[in-house]
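Please keep the sequence and the structure in view while reading.

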Amino acid sequence: MTRIALIGAGGKMGFRLSRNLKNSEFTVDHIEVSEAGRQRLSQELGIECSDAERAVPDADAVILAVPDTLVGKISHQLAPMMKSGTMVVTLDAAAPFAGHLPARDDLTYFVTHPCHPPIFNDETELDAKKDYFGGLKATQHIVSALMQGPEDSFALGERIARTIYAPVDRSHRVSVDEMALLEPGLSETVCATLLAVMREAMDEVVARGVSQQCARDFLLGHMNILSAVIFDEQPGAFSDACNKAIENGKPMLMRDDWKKVFEPEQIAESIRRIT
């Protein structure tokens, strides 16, 4: 069986992975430095932790479930313990894109990230509907990249990714550069920013006299139908008035050169700030 060393097993993301890896096809050694994380693993999942010095040398894959800012430091600490051919799995493209992984050609580097459950889905159970993050009840899609290593190792990385993010539907293979365009570019720089602005706009409407519940109901309802049309979930067309509002509103809200956020130097700078 494939042996995995899960680094940060009791952390925010690591605990989710520990739960999904339990009773999977993989043999897993859980490494967690914090006492609180170790206790949580023991009390909630019945998992006892291992030491990195014992687990890493025997691992076929090492998953770094740690913050982006620590991936470089921790990977360099662990690399001398890894046998040739070990797969290092990171959960975000930031640190690999920034060149923070050790320079060892005999290691395989696999990067994977969840898309999170989509707004438009087929979930019918309430628990799945409320699993907004994914990896618990709701089906989600994932993206993965083989940064370095033999081509046939991608299959193992994808099996690990499908397990830690389960339940998974579509699995997209991308490059590390493409993953960086998706995050932080598309998902954070653009999507999260515009959603934050929409929340500020809702608060402004409330400040001008509309009740908070009314404004929220009105905005979220319109987000639903407008998104369905814009993203081709439902056939339809906006009214002439709506199209005119978009035409007039876009130059007030968006700079003409806003798409430069996807230029390589802008992506690199964004990643530099978070790693």
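The points below go from the whole chain to its cores, its strands and a few individual residues. The model is predicted. Its secondary structure consists of 11 helices and seven strands, and buried residues account for 39% of the 275 residues.

**Overall form and surface**

- The C-alpha trace of the protein spans about 65 × 40 × 35 Å along its principal axes.
- Of the contacts between residues at least 6 apart in sequence, 65% join residues at least 24 apart.
- The protein exposes about 15,800 Å², and carbon and sulfur atoms supply 55% of that area.
- There are 28 positive and 40 negative charges, and their mean positions lie 3 Å apart.

**Nonpolar cores**

- The largest nonpolar core holds 27 residues, of which Ile4, Leu6, Leu21, Ile63, Leu91, Ile160 and Ile164 touch the most other members.
- At least two residues of this core come from each of strand 1 (3-7), helix 1 (12-21), helix 2 (35-45), strand 3 (61-64), strand 4 (87-90), strand 6 (140-148) and helix 7 (154-164).
- Helix 7 provides the largest share of this core, with five residues.
- Apart from this core lies another one, of 19 residues, which includes Val56, Val66, Ile74 and Leu78.
- Leaving aside residues up to four places away in sequence, Leu21 touches Ile4, Leu6, Phe26, Val28, Ile63, Thr163 and Ile164.

- The buried residues of helix 1 are Gly14, Phe15, Leu17, Ser18, Asn20 and Leu21.
- The elements that cover these buried residues include strand 1, strand 2, helix 2, strand 3 and helix 7.
- Helix 1 is followed by Asn23, which has a positive phi near 65°.

**Strands and their pairing**

- Strand 1 is largely enclosed by the rest of the structure, because four of its five residues are buried.
- Strand 1 runs parallel to strand 2 (residues 27-31), and five bridges join the two.
- Within this pairing, Leu6 has His30 of strand 2 as its bridge partner.
- Seven of the nine residues of strand 6 are buried, so strand 6 is also largely enclosed by the rest of the structure.
- Strand 6 is joined to strand 5 (residues 108-114) by six bridges, and these two strands run antiparallel.
- In that pairing, Val111 stands opposite Ala145 of strand 6.
- Strand 6 is also joined to strand 7 (residues 168-173) by four bridges, here in a parallel arrangement.
- Ile142 stands opposite Ser171 of strand 7.
- As a general rule, side chains in a regular strand alternate between the two faces of the sheet.

**Cis peptide bonds**

- The peptide bond from Ala166 to Pro167 is cis, with omega near 0°.
- Pro167 belongs to the loop between helix 7 and strand 7.
- The peptide bond from Glu183 to Pro184 is cis as well, with omega near 20°.
- Pro184 is located in helix 8 (residues 176-207).

**Residues with positive phi in loops**

- His116 has a positive phi near 75° although it is not glycine.
- This residue, His116, sits in the loop between strand 5 and helix 6 (126-129).
- His116 counts as partly exposed because its relative accessibility is 26%, a value between the limits of 20% and 50%.
- Asp232 is another residue other than glycine with a positive phi, near 60°.
- Asp232 is placed in the loop between helix 9 and helix 10.
- With a relative accessible area of 69%, Asp232 is exposed.

**Two further loop residues**

- Asp58 lies in the loop between helix 3 (52-55) and strand 3.
- Its relative accessible area is 45%, so Asp58 is partly exposed.
- Asp58 touches Arg3 and Lys83, not counting residues up to four places away in sequence.
- Asp58 and Ile4 are 54 residues apart in sequence, while their C-alpha atoms are 8.6 Å apart in space.
- Ala237 is found in the loop between helix 9 (212-230) and helix 10 (240-253).
- Ala237 counts as exposed because its relative accessibility is 71%.
- Ala237 and Ala65 are 172 residues apart along the chain, and 44 Å separates their C-alpha atoms.

Methods
Residues numbered from 1 in each chain as written. Predicted model: local features only at pLDDT ≥ 70, side-chain atom pairs only at ≥ 80, totals over all residues. Heavy atoms only, no water. Buried < 20%, exposed > 50% of the residue type's maximum accessible area, 1.4 Å probe, protein only. Contact = heavy atoms within 4.5 Å. Areas by Shrake-Rupley, 256 points an atom, 1.4 Å probe, with all protein chains shown as cover. Lys, Arg positive; Asp, Glu negative; His and termini not counted. Charge placed at Lys NZ, Arg CZ, Asp CG, Glu CD. Core = buried A, V, L, I, M, F, W, Y, C linked by side-chain atoms within 4.5 Å. Pairing = 2+ DSSP bridges.
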